[in-house]
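Welcome! Take a moment to look over the sequence and the structure below before reading on.

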Amino acid sequence: MFPIQASQPAAFTADLPDQADVVVIGGGIIGVMTVWELTRAGINAVLMEKGRIAGEQSSRNWGWIRAQGRDIAELSIMLEAQAMWTEIVKETGDIGLQQTGTLYLADKPDEIDRYQAWLDEAATYQVSSRILDSAQVADLMPLAARRWAGALYTPTDLRAEPWLTVPACAKAAERAGAVIVEDCAVRLLDLEAGRIKGVMTEKGLIRTSSVVLAGGAWSSLFLRRHGVSIPQLSVRATVAQTEALPDVFAGGAVDSRLAWRRREDGGYSLAPSGFHELFVGPDAFRALRGYAPQLIKDPLGTRLLPAAPKGYPDAWGTPRKWAGDEVSPFERMRVLDPAPNKGKVNRLARDFSATFPNVGETKIKSAWAGMIDTMPDVVPVVDTCDAIPGLTICTGMCGHGFGIGPGMGRIAARLATGRDTGHDLTRFRFSRFSDGSKLVLGPNL
């Protein structure tokens, strides 16, 4: 089970329509759930993907579906999403969905205080989360060689296999009537008097008055082409897959060294805890001042890389302007497929073996990386765009998009069609980066 690759045959090959009520740009979890929600509401919607459905971060993430540790403003959406997941699986078939819980493990007692502070804030939402002491953690993971001071535990959190889930959801959306087209980039918006009247794709024009941008790491580049600046960075995250191992914990867990999640194939997905790699390009350089509080808060976990590889969204040589009849950067790189950090992969195996020495040797079966679209305050932008009437932006999920995807997709679909979203989106407004508001960082648990 490796993330989806550009070399895989296209599975969604519908003909390009002449017109749609809504065009969704981006075939990750947010875009797929948006087009599914639109279609189920009887709205003529089309999803355009430059490469492969879930080819980027949506098939490369940890597969956690967690309410635990969420920004408080996200909690109502996340709880709705968790309820949606149990219905989604009825239409997708087996995607590895299980209720297995989430553990945030504390190395030191003072970490428990931070967990308790989040728990106090989240109490309004009646989450199942609770604090465990050291002995209770040991009871949950008797094969662990180390002792933790305690943990934050949410037994109702879920897990699923991302590379199975998102394509299965896209197939369900297609069966419901959605038009999904892979291998077809949207080059730019077709505007008239500043308003959307269509999208120009590499295969021709689609007339529409409403567009949802769910382009993940590519969103900032697309918006900048239209004079809209969004302070987004691309963060490389490395993940490894182990060979089959005994069950040490059925859900997802993280401590100060690594994160792990039990997989359907009997192995684990492993990732380094609190480690980011930021490629510094033109957009990142401009936005870096806004990210200073985030970087200062976690100075040892952040590694700055001077330049992204050729063709990446924020590489120094990537064009910022192109015409509708010109090949765009989105076509030049169908699937963003960064190389994993090999040193971190080797360290993951050693750390997992040190934590669970009695389960046998930790053998890495494969490793990959993804580019996470990150915002300065570690919460997304989910809003309409005042500068371009008809455009809805749903991006910057900061690595937390998979689990909350169904909820955010429902919200994006409603925003794009002028309906009540049912949630307070003030925290996610686009204008927070320009209206003088002080940015408030999301939870650092």
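## The overall build

Please keep in mind that this is a predicted model. Its secondary structure comes to ten helices and 22 strands. With a radius of gyration of 21 Å, close to the 22 Å that the globule rule gives for 445 residues, the protein is as compact as a globular protein of that length. If you follow the C-alpha trace along the principal axes, it spans about 65 × 45 × 45 Å.

How much of the chain is tucked away from the surface? Of the 445 residues, 58% count as buried. The contacts tell you how the chain comes together: among those between residues at least 6 apart in sequence, 75% join residues at least 24 apart.

## Surface and charge

The accessible surface of the protein is about 17200 Å². Carbon and sulfur atoms account for 51% of that area.

Now to the charged side chains. There are 49 positive and 50 negative ones, and the centres of these two sets lie 4 Å apart.

How many salt bridges does the structure hold? There are 31 salt bridges, and a few are worth a visit. One of them pairs D351 with R257, at 3.9 Å from N to O. D351 belongs to helix α9 (residues 342-355), while R257 sits in the loop between β15 (252-254) and β16 (258-262), so this pair ties together parts that are 94 residues apart in sequence. The two partners can be described by their cover: D351 is buried, with a relative accessible area of 7%, whereas R257 is partly exposed at 29%.

A salt bridge also brings together the side chains of E277 and R303, at 2.8 Å from N to O. Here both partners are in strands: E277 in β18 (residues 276-279) and R303 in β19 (residues 302-305), 26 residues apart, so that the pair links distant parts of the chain. E277 is buried, with a relative accessible area of 1%, and R303 counts as partly exposed at 39%.

## A buried pair and a network

Next, look for R427 and D377. They form a salt bridge in which the closest N and O atoms are 3.9 Å apart. R427 lies in the segment after α10 (401-416) and D377 in the loop between β20 (364-374) and β21 (381-384), so parts that are 50 residues apart in sequence are tied together. Are these two residues buried or exposed? Both R427 and D377 are buried.

Salt bridges can also join up into a group. In this model, E37, R40, E80, E91 and R410 are linked in a network of them.

F249 is found in the loop between β14 (233-242) and β15. This residue is buried, with a relative accessible area of 6%.

Which residues does F249 touch? Leaving aside residues up to four places away in sequence, F249 touches T100, G101, L103, M141, Y153, W260, R262 and Y268.

## Loops with a positive phi

Most residues other than glycine have a negative phi. D183, though not a glycine, has a positive phi near 55°. You will find D183 in the loop between β9 (179-181) and β10 (186-192), where it is partly exposed, with a relative accessible area of 27%.

A193 is also a residue with a positive phi, of about 55°, without being a glycine. Its place is in the loop between β10 and β11 (195-201). At 83% relative accessibility, A193 counts as exposed.

## One more loop residue

The last stop is V378, in the loop between β20 and β21. V378 is partly exposed, with a relative accessible area of 22%.

Notes
Residues are numbered from 1 along each chain as its sequence is written. This is a predicted model: local features need pLDDT of at least 70, side-chain atom pairs count only at pLDDT 80 or more; totals for chains, interfaces and linings use all residues. Side-chain values use heavy atoms; hydrogens and water are left out. Helices (H or I, at least four residues) and strands (E, at least two) are DSSP runs, numbered from the N terminus. The radius of gyration is taken over C-alpha atoms; the globule rule is 2.2 Å times the number of residues to the power 0.38. Buried means under 20% relative accessible area, exposed over 50%, partly exposed in between (1.4 Å probe, protein chains only). Contact means heavy atoms within 4.5 Å. Accessible areas come from the Shrake-Rupley method with a 1.4 Å probe; for residues, only the protein chains shown count as cover. Lys and Arg count as positive and Asp and Glu as negative; His and the chain ends are not counted. The place of a charge is taken as NZ of Lys, CZ of Arg, CG of Asp or CD of Glu. A salt bridge is a side-chain nitrogen of Lys or Arg within 4 Å of a carboxyl oxygen of Asp or Glu.
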